[in-house]
Structure formats: C-alpha cells, structure tokens
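Subject: Handing over a structure

Hi there,

I am passing this structure on to you, and my notes follow just below it. Please have a look at it first and then read on.

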Amino acid sequence: MQFLSYLVRGISLGSVYALIALGYTMVYGIAKMLNFAHGDIIMVGGYVVFFTFCQGGMNPWLSMILAIVVCTLLGITIERIAYRPLRGAASLAVLITAIGVSYFLENGAMLLWSSEPKSFTSIVSLPALNLFGGSLQISAETIVTIVTSLVIMFVLIWFVNNTRPGHAMQAVSEDRGAAQLMGINVNAIISLTFAIGSGLAAIAGALLLSSYPTLVPTTGAMPGIKAFVAAVFGGIGSIPGAFVGGILLGIIENLSKAYISTQLSDAIVFLVLIVVLLVKPSGLLGKKATVKV
Amino acid sequence: MALLEVKNLGISFGGLQAVQGLNMSIESGHLYGLIGPNGAGKTTAFNMLTGMYTPTEGIITFDGVNITGKGPEYISKAGIARTFQNIRLFNAMSVLDNVKVGMHNRVTYSMLDGVLRTKKYRNKEAEMNEKAQRLLDVFGIGDKADYAASQLPYGQQRKLEICRALASDPKLLLLDEPAAGMNPNETQELMETVRKVRDDFGIAILLIEHDMKFVMGICEEITVLEYGKTIAHGDPQTVSNDPEVIAAYLGGDDED
C-alpha cells in the first residue's frame with residue numbers, strides 16, 4: 001500500500017514534468033531550439049496565481065486563466081524579442097540567449113517580489129480520495145494533476161494531427177523551407193508554439209505549487225531542467241514521448257526518494273539522462289536519426 | 001502582359017555572379033524550359049522566383065505585380081508553387097496531409113474553430129479532404145492517401161510533390177528536375193502527366209530538366225543557361241541547333 005502511494009505521487013509529479021516537457025519538446029521540434037527559460041515561465045505563472053488567488057482571493061478558475069494569459073503573452077514576447085532576431089544564427093548563440101533569458105526572469109522576479117519564500121495555497125479545494133478502506137489516500141491535487149495533463153496531451157495530439165495550424169506545425173518541424181514555400185508563415189507558427197508551451201507552463205506551475213507549496217524566484221529552475229531530461233528521455237520532439245518521459249521520470253524520482261535516498265534522488269534523475277544518452281540517444285519514442293552516407 | 005515577366009535578373013554571392021541578365025517571359029498556359037549544364041544557375045533562378053533568394057539586380061513581375069525581393073510566403077500566396085530537385089515532402093505526414101498543407105492559404109478557419117471543432121472547421125476540413133483526394137486521384141495515387149509520404153515509391157513521391165504544389169491553386173508551377181532519377185518509362189509517363197497538368201489546370205509550367213528528350217518533347221519555349229548567362233533562347237528546334245548550346249553540352253565534362 002505504501003508503494004502504491006509513492007507510485008501515485010510519482011505519477012502526479014511526473015504529470016507536472018510532462019506538462020512542462022510538452023512545451024520543451026514542441027519548441028524544440030518546431031523552432032529547433034532548446035528554450036532553457038521555459039522553466040522560469042512556470043515561476044511567473046506561479047506568482048500570478050499567488051497574488052491573484054492566494055492573496056487576492058480571486059476565483060481559482062479566473063486566476064488560472066489570468067496566469068495562462070500572462071504566461072502566453074510572456075512566451076510570445078520572449079520569442080519575439082530574444083529568439084526571433086537569432087533565427088538562422090548558430091544554435092549555440094540561441095542556447096546561450098535562452099540561458100540569459102532564464103537568468104533575467106529569475107533575477108527580475110527577485111527584484112520585483114524579493115527572494116523571500118511565499119507560501120502557496122492549493123488551487124484545488126476538493127477532498128482527498130480514500131481507497132482500500134482508508135489505507136491508501138490520494139490527494140485531490142494528485143488526481144487533478146494527472147487528469148489535467150492527460151486531457152491536455154490528448155487535445156494537443158489531436159490538434160497537431162487534425163487541424164490546419166497543427167499540420168502547419170508538423171510541416172515547419174520537418175522542413176522549414178518547404179513549409180514556407182507552401183505559404184506557411186513560419187514566424188507565426190513558431191509564435192503559436194511558444195504560446196501553447198507557455199500556457200501549459202502556467203498550468204504546470206499552479207499544479208506543481210499546489211502540491212509543493214513553496215514559491216521562490218527559482219522555483220521553476222529545477223522542474224524545468226527535469227522536464228528537459230524528461231523530454232530527452234521520451235524522445236525530444238515527440239509529444240507522446242514528452243508525456244511518457246515525464247511520467248516515468250516522476251515515478252523514478254519519487255521511488256528513489258522513498259527507497260534509496262532523498263538526497264540522491266536528483267542525482268538518480270540525471271543519471272537516467274546519462275544512461276538514456278548512452279543507450280538510446282533518440283529517446284524512448286524519438287525518431288532515430290539516420291545519417292546518409 | 002505575360003504572366004511572368006523576368007527582366008535582367010541577376011544575383012551574386014560574394015564575388016560569384018551565379019545568374020546574370022536573365023530575361024524570360026512566360027504566358028499563361030505555356031510550357032517553358034530552363035536548361036543548361038550543372039552549375040549553370042537554374043536552381044538559383046528558381047530560388048529567386050520563389051523568394052528563397054533576394055535578387056541583387058533585375059525585376060520579377062508576376063501577374064502584373066512586382067514581386068522582386070518578396071518572401072516565399074507572399075509569393076506562394078501570389079500563385080507560384082514549386083517542386084524540388086531532391087524531393088522535399090513532409091515524410092512523417094500522410095500523403096493526404098501533405099496535399100492539405102499545400103492548401104494552407106486556400107482554405108482557412110481560425111484556431112478557435114479548430115479547437116472547438118465548430119461547424120466551420122468540420123466543413124472546411126471535409127472540403128479540404130475531398131479536394132486533396134481528387135488531386136491524388138488525378139495522379140493515380142488516390143489509393144495511397146493514408147500512407148506516410150516516405151512509404152511511397154520514388155516515382156509516386158515525385159507525383160505527390162506535384163500534387164502538393166498544385167493544391168495551392170498556382171497560376172505558375174515550377175518543376176525542378178522532375179524526371180531526375182526516373183527510368184525511360186517513368187519519364188514518358190511524367191511527360192504525359194505534365195502535359196495533362198497544363199491542360200487540365202490551365203496553368204503555366206516552367207521546368208528545369210537535364211533529360212533533353214523530355215525538354216525538347218514537351219516545352220514550347222526554352223532558355224539555355226551556362227555559367228549564369230543566357231546563351232540561347234527560342235523554340236526547341238532553334239535551341240537544339242544553336243552552335244553555342246551544342247558546344248556547351250558536348251564540351252561540358254559532366255553531362256550525359
């Protein structure tokens with residue numbers, strides 16, 4: 001029973017990673033860049049919910065929608081100002097810019113809201129679920145997190161495969177030049193990708209903080225990096241891959257915390273990354289990169 | 001005025017003048033050939049016409065509008081579509097979806113329509129599917145609609161590329177070495193396809209090709225490039241008897 005409880009909590013944590021990883025993987029697949037500032041969007045979303053809901057007493061749904069809007073606009077703005085001028089530049093330049101944006105957001109948050117930890121109140125106000133006569137208790141946050149990310153993943157997969165903007169995203173991902181020649185506005189598609197990814201990050205932030213209620217300006221950094229590991233683990237560029245990678249990583253992390261060592265759990269997560277890169281560099285569901293000779 | 005009017009077009013990369021002084025005038029419904037030895041600047045010319053490169057000199061007028069220096073999206077919307085020398089399909093997508101991407105700017109609905117699956121979304125998608133299917137049927141690959149593009153044999157991938165280009169309802173279709181890598185039978189079949197496209201869709205076609213039999217058999221007017229310069233121009237008869245053209249081809253060291 002104890003094991004089951006750890007497992008469920010791992011799946012819940014993994015669902016948050018999955019939501020963040022979806023943003024990573026979509027931006028990588030379409031803009032061909034690693035947006036290391038993605039994790040910090042979570043933090044911004046967290047502060048929006050904190051000030052409007054936890055402190056301001058706003059309706060949680062309204063507060064959530066506001067956070068999504070703010071993060072979406074932030075994501076589009078970052079792409080427009082920091083990344084678009086570098087379209088066509090070396091990938092290393094873009095990568096370093098992304099790290100710079102990440103520091104900018106973290107330090108900006110510190111300046112605006114101080115580094116003093118804020119205590120977050122859960123946006124989920126439902127009772128916990130008791131199973132097996134009370135021997136297994138699953139918190140409402142856990143359930144909401146898992147269900148939300150599952151729904152989002154299915155909607156996203158449907159969107160990418162069945163709508164005109166979704167098809168355009170796939171086309172840009174595969175061959176930007178050819179897509180342009182089909183009349184697709186590549187910049188608009190990349191903006192859309194950042195918008196979706198950042199909106200998801202806002203949701204991930206609120207859910208993460210509902211389960212782990214300490215909010216500081218660096219709150220998003222570690223989950224962001226872990227979500228990146230999850231995206232690589234599942235096969236970066238693949239939407240189901242990000243989801244599977246996220247869930248597995250959450251489980252691995254929580255079970256190592258429970259059975260191996262709390263201090264070592266992060267090390268184990270990154271060990272997973274190293275092993276994946278050694279054994280299957282393209283990730284669990286990633287496309288195998290074939291080099292033509 | 002002709003559909004496409006190219007005046008004194010040129011581009012240089014650093015010190016290299018890849019194309020210079022190119023003049024072409026293509027009427028609606030015409031089959032026009034652009035030929036020349038490897039490295040003559042044919043694909044470069046295509047890249048300027050489709051907005052991939054910005055010309056350093058000259059003017060391109062399409063359908064009465066100056067499109068010089070405009071981006072690929074604009075030019076695609078204006079009505080020029082192309083295929084590629086090395087096939088560039090969206091391999092991971094289905095054959096049908098490839099054609100639908102080609103319709104990107106012809107059939108539109110808002111993102112909200114898509115997410116909410118409104119009536120408009122369903123109608124437009126149905127319309128696109130039907131139109132894409134009809135195009136595939138014309139090229140005899142309608143039964144492969146659900147295959148991944150990469151699963152098609154080479155000849156059919158070429159046909160799919162033409163389908164995808166036609167999906168944008170172009171007024172001018174650019175074909176970059178459509179017969180490359182094809183055997184004589186496939187080439188013969190392709191010639192009929194190209195003629196059929198011109199006749200059925202009533203559009204102008206500009207093609208680059210190395211296969212002389214193909215070009216001479218199908219084009220009504222030909223421009224010959226060598227080292228970026230036009231060395232001959234006229235109908236197939238005139239061009240094939242031109243001494244400079246014969247020298248360029250026979251004197252070339254890497255032509256078959």
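A definition to begin with: a residue is called buried when its relative accessible area is under 20%, exposed when it is over 50%, and partly exposed in between, using a 1.4 Å probe and protein chains only. Two more terms go with it: Lys and Arg count as positive and Asp and Glu as negative, while His and the chain ends are not counted. A salt bridge is a side-chain nitrogen of Lys or Arg within 4 Å of a carboxyl oxygen of Asp or Glu.

Some background on the model. It is a predicted one, where local features need pLDDT of at least 70, side-chain atom pairs count only at pLDDT 80 or more, and totals for chains, interfaces and linings use all residues. Residues are numbered from 1 along each chain as its sequence is written, chains are lettered from A and ligands numbered from 1 in the order in which they are written, and side-chain values use heavy atoms, with hydrogens and water left out.

Let me start with a lysine. Lys42(B) is buried but has no salt bridge, and Glu177(B), the nearest side chain of opposite charge, is 5.2 Å away. Lys42(B) belongs to helix 1 of chain B, residues 42-49 (helices are DSSP runs of H or I, at least four residues long, numbered from the N terminus). Leaving aside residues up to four places away in sequence, Lys42(B) touches several residues, including Pro37(B), His210(B) and Leu225(B); contact means heavy atoms within 4.5 Å.

Now for the place where the chains meet. Chain A brings 24 residues to the contact and chain B brings 30. About 2,500 Å² is buried between chain A and chain B, with carbon and sulfur atoms giving 62% of that area; buried area is the accessible area (1.4 Å probe) that two parts lose on being put together, summed over both. Arg164(A), Leu181(A) and Met182(A) supply 33% of what chain A buries against chain B, more than any other three residues.

How many salt bridges are there between chain A and chain B? The count is 1: Arg88(B) pairs with Asp175(A), and their closest N and O atoms are 2.7 Å apart. On the side of chain A that touches chain B, helix 6 of chain A gives the largest share, 7 residues. Helix 6 of chain A is itself mostly covered, with 9 of its 11 residues buried, among them Arg164(A), His167(A) and Met169(A).

Chain A has charged pairs of its own. Glu79(A), in helix 3 (residues 60-83) of chain A, forms a salt bridge with Arg84(A), the closest N and O atoms being 3.3 Å apart. Why does Glu79(A) count as buried? Because its relative accessibility is 0%.

Lys226(A) is buried, at 5% relative accessible area, whereas Asp266(A) is partly exposed, at 27%. Through shared partners, salt bridges join Lys226(A), Glu253(A), Lys257(A) and Asp266(A) into one network.

Enjoy looking around!

Best wishes

Terms used:
Helix = DSSP H or I, 4+ residues; strand = E, 2+ residues; numbered from the N terminus.
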